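This report describes one protein model for a reader who is new to structures. Please look at the sequence and the 3D view first, then read on.

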Amino acid sequence: VKISVSAKGGNATNGHQYGFLHEDINNSGDGGLYAELIRNRAFQSSEHYPSTLDGWSAVNGAQLSLRDLDVPLSEALKTSLHVATNKRAGQVGFSNAGYWGMDVRVQKYTGSFWVRGAYKGEFTASLQSDITGETFGSVKIKSKCRRDEWTEHAVVLVPEKDAPNTNNTFAITFDAAGTADGSLDFNLISLFPPTYKGRKNGMRIDIVEALEQLHPTLFRLPGGNMLEGLSNTSWWDWKDSLGPLKDRPGFSGVWDYPQTHGLGLMEYLLFAEDLGMELVVGVFAGLALNGDITPEDELQPFIDDALDQIEFIRGPPDSKWGAVRAKLGHPEPFKLKFVEIGNEDWLAGGSEGWNTYREYRFPMFLEAINAAYPDIQVISSGSYFDGHDIPEPGAGDYHLYAEPDTLVEQFSRFDNVATPHIIGEVAATHPNGGTSWDGGLMPFPWWGGAVAEAVGLVSYERNQDRIIGTAYAPILRNINRWQWSVTMIQHSADPAQTTRSTSWYIWELFAAHIFTETLPATADFDPLYYVTGKSDQTGGYIFKGAVYNSTDGADVPVRLAFEGVKPGTSAELTVLTGPENPYGVNDPFTGTNVVETTRSTVKSGRDGVFRFDLPNMSVAVLDTSPK
Ligand code: AHR
């Protein structure tokens with residue numbers, strides 16, 4: 001394939017081309033990104049989930065039950081744990097099994113628990129093996145308890161040794177003799193390992209690092225379906241996710257488990273700031289997953305709520321909601337340029353949901369938000385291809401979960417669409433010919449699907465003047481409880497199992513080489529799909545390409561010439577190849593990585609042409625930036 005790249009005539013890029021959506025699916029928030037170790041820490045209930053003792057066990061024969069006391073810990077946390085025994089029972093209490101295990105090492109664990117009831121004595125907080133009973137570390141905490149009051153007890157615990165595996169529990173015990181009648185009430189039992197950047201109530205270090213190493217520049221939150229909620233009375237209300245943990249009631253998750261709300265709006269904003277990601281914030285649009293549609297005359301409160309949310313994020317510290325943010329420790333406004341109205345409004349409510357969205361819900365939000373914030377790009381939750389003739393100055397959102405061939409067939413899809421779009425969710429999810437959503441998802445991103453994603457990414461990057469950015473979804477999966485197998489990274493309680501998928505390697509490679517300007521090139525696509533550009537920051541000229549299904553699986557010879565690049569110029573060529581079987585996946589249990597990375601230096605010839613061959617089913621970047 002001969003490719004001639006012009007020095008001029010391309011488009012300036014926006015700098016936020018690659019990113020991801022995060023919502024709490026697959027226990028990727030609670031039990032994933034959010035570093036809290038205690039599962040069901042506050043016995044939270046919601047419209048769709050009653051309180052349970054899930055995750056908890058008695059220690060030394062104590063009886064555990066749930067109670068709604070007359071004086072609860074807080075308005076938000078009404079249910080607490082009643083631990084009952086008799087005064088002669090000795091050291092009793094309860095333990096928690098974590099999100100299917102706990103990683104115990106010689107490092108500082110911090111947390112706290114709240115107690116109600118009289119107790120003279122000490123509590124013991126400990127981390128131990130659930131198999132052998134061996135204690136890895138424990139700490140005594142002097143009781144501050146008073147009879148009719150809730151008192152908080154801080155925990156700081158440094159184990160003396162690393163546990164050999166994650167089959168561990170966290171326990172709190174007390175001496176029954178020191179209580180009034182053998183019983184005490186507990187709530188909000190929380191324990192964190194060290195977190196990313198040491199943030200309180202923060203994120204799990206190894207997972208953030210796996211995300212950070214993707215060089216993400218775009219972050220869509222808080223869903224996905226999670227934003228919409230199960231009904232119009234249980235959507236993800238950002239106001240419930242702010243402030244002290246004891247004031248967060250929890251959320252009726254939409255993915256078959258309740259959520260703590262620990263990973264709240266502020267945590268998401270700090271996370272985006274830490275990783276330098278541009279925000280795309282979804283606001284509730286009056287449509288829930290059960291098809292509840294808010295009538296036009298009842299929509300205004302949701303619009304007001306969205307305006308409050310925007311003010312919380314980027315309002316000055318002396319505005320009503322900016323002051324709340326400032327009080328929470330962040331007086332400087334966050335940067336917010338993109339606001340999306342709802343999520344997939346073409347889906348949940350059927351044609352009525354979609355019609356009402358186009359008729360009044362989207363226009364009302366668009367008008368109100370742009371009246372208050374003319375610089376905000378308001379994004380529809382549907383695309384031109386979903387039949388949304390998006391009114392100016394709105395943008396669209398295109399989602400694509402597909403078989404590899406479809407991603408490749410859609411290579412030119414955005415070439416002639418004038419309206420700007422975000423690709424808000426994309427992933428290769430099914431094998432070719434197997435598009436059933438009923439169990440037909442692949443077990444994890446596979447090499448053939450990842451190469452097709454690369455073709456998709458190239459197609460979006462070619463249209464950088466109108467594609468705001470591309471987000472992979474869903475980004476994380478806890479391998480112990482999930483419903484969506486194809487994710488960028490999978491994880492468990494054991495950091496050794498944090499597994500980067502085949503897709504991860506492709507997205508990482510492309511995102512590591514950012515154009516500041518695309519450059520027009522001769523177009524001769526199939527089986528090689530490519531995009532070219534340059535970086536004013538590094539001075540490099542860049543080619544990104546993918547070979548998908550070449551004839552007879554032959555290598556593709558590439559002859560690449562950048563106008564203005566001198567003969568004898570050195571470039572780094574990185575080529576990713578996969579296993580012979582395109583269904584190969586990276587497996588957390590074997591730790592095998594099926595993606596092979598080859599780096600070499602290529603010099604342009606006397607005619608200024610870079611010559612190299614790319615194997616079938618490979619992904620490559622050539623970059624002349626000096627190292
Ligand atoms: O990413 C998983 C789900 O797929 C999202 O929640 C939803 O927006 C889409 O249908």
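Of the 627 residues of the protein, 51% count as buried. A residue is called buried if 20 or more other C-beta atoms lie within 10 Å of its own, exposed if 12 or fewer do, and partly exposed in between, with C-beta atoms placed from the backbone. The model is predicted: local features need pLDDT of at least 70, side-chain atom pairs count only at pLDDT 80 or more, and totals for chains, interfaces and linings use all residues. Residues are numbered from 1 along each chain as its sequence is written.

**Confidence and overall form**

The average pLDDT of the protein is 97, and 99% of the residues score at least 70. Here pLDDT is the predictor's confidence in each residue, from 0 to 100. The model also has an ipTM of 0.99 and a pTM of 0.97.

The protein contains 9 helices and 30 strands. These are DSSP runs, numbered from the N terminus: helices are H or I with at least four residues, and strands are E with at least two. The protein is as compact as a globular protein of 627 residues, because its radius of gyration is 27 Å, close to the 25 Å that the globule rule gives for that length. The radius is taken over C-alpha atoms, and the rule is 2.2 Å times the number of residues to the power 0.38. The C-alpha trace spans about 90 × 60 × 45 Å along its principal axes.

Three domains are assigned: domain 1 (2-12 + 518-623), domain 2 (56-192) and domain 3 (219-241 + 269-327 + 336-394). Their bounds come from an automatic or database domain assignment. The centres of domain 2 and domain 3, taken over C-alpha atoms, are 40 Å apart.

Contacts between residues at least 6 apart in sequence were also counted, and 74% of them join residues at least 24 apart. Two residues are in contact if their C-beta atoms, placed from the backbone, lie within 7 Å.

**Around the ligand**

Which residues surround the ligand? They are Glu-23, Ile-25, Gly-223, Gly-224, Asn-225, Asn-343, Glu-344, Glu-425, Ala-473, Pro-474 and Trp-484. A residue is taken as near a molecule or strand if its C-beta atom, placed from the backbone, lies within 6 Å of it. The shell divides into 4 nonpolar, 4 polar and 3 charged residues. In this scheme Ala, Val, Leu, Ile, Met, Phe, Trp, Tyr, Cys and Pro are nonpolar, Asp, Glu, Lys and Arg are charged, and the others, Gly among them, are polar.

Most residues other than glycine have a negative phi, and most peptide bonds are trans. The table lists exceptions.

| Site | Feature | Value |
|---|---|---|
| Ala-473 to Pro-474 | cis peptide bond | omega about -20 degrees |
| Asp-526 to Pro-527 | cis peptide bond | omega near 10 degrees |
| Asn-27 | positive phi, not a glycine | phi about 45 degrees |
| Leu-188 | positive phi, other than glycine | phi near 45 degrees |

Pro-474, one of the residues around the ligand, is in the loop between strand E19 (467-472) and strand E20 (476-478). Pro-527 is in the loop between strand E23 (517-518) and strand E24 (528-534). Asn-27 sits in the loop between strand E2 (18-21) and strand E3 (56-59), and Asn-27 is buried, with 28 other C-beta atoms within 10 Å. Leu-188 lies in strand E12 (residues 183-192) and is buried because 26 other C-beta atoms are within 10 Å.

**Helix H3**

Helix H3 (residues 265-275) has 8 buried residues out of 11, so the helix is largely enclosed by the rest of the structure. Leu-265, Tyr-268 and Phe-271 are among the buried ones. The buried residues of H3 pack against strand E13 (218-221), strand E14 (278-283) and helix H4 (300-314). Gly-276 follows H3 and has a positive phi, near 70 degrees.

**Two further residues**

Is Leu-509 buried or exposed? Leu-509 is buried, since 22 other C-beta atoms lie within 10 Å. Leu-509 belongs to helix H9 (residues 502-511). Apart from neighbours within four places in sequence, Leu-509 is in contact with Thr-574, Leu-576, Val-619 and Val-621.

Pro-615 is found in the loop between strand E29 (609-614) and strand E30 (618-623). With 17 other C-beta atoms within 10 Å, Pro-615 is partly exposed. Pro-615 and Ser-550 are 65 residues apart in sequence, and their C-alpha atoms are 8.7 Å apart in space. Leaving aside neighbours within four places in sequence, the contacts of Pro-615 are Val-547, Asp-555 and Thr-577.
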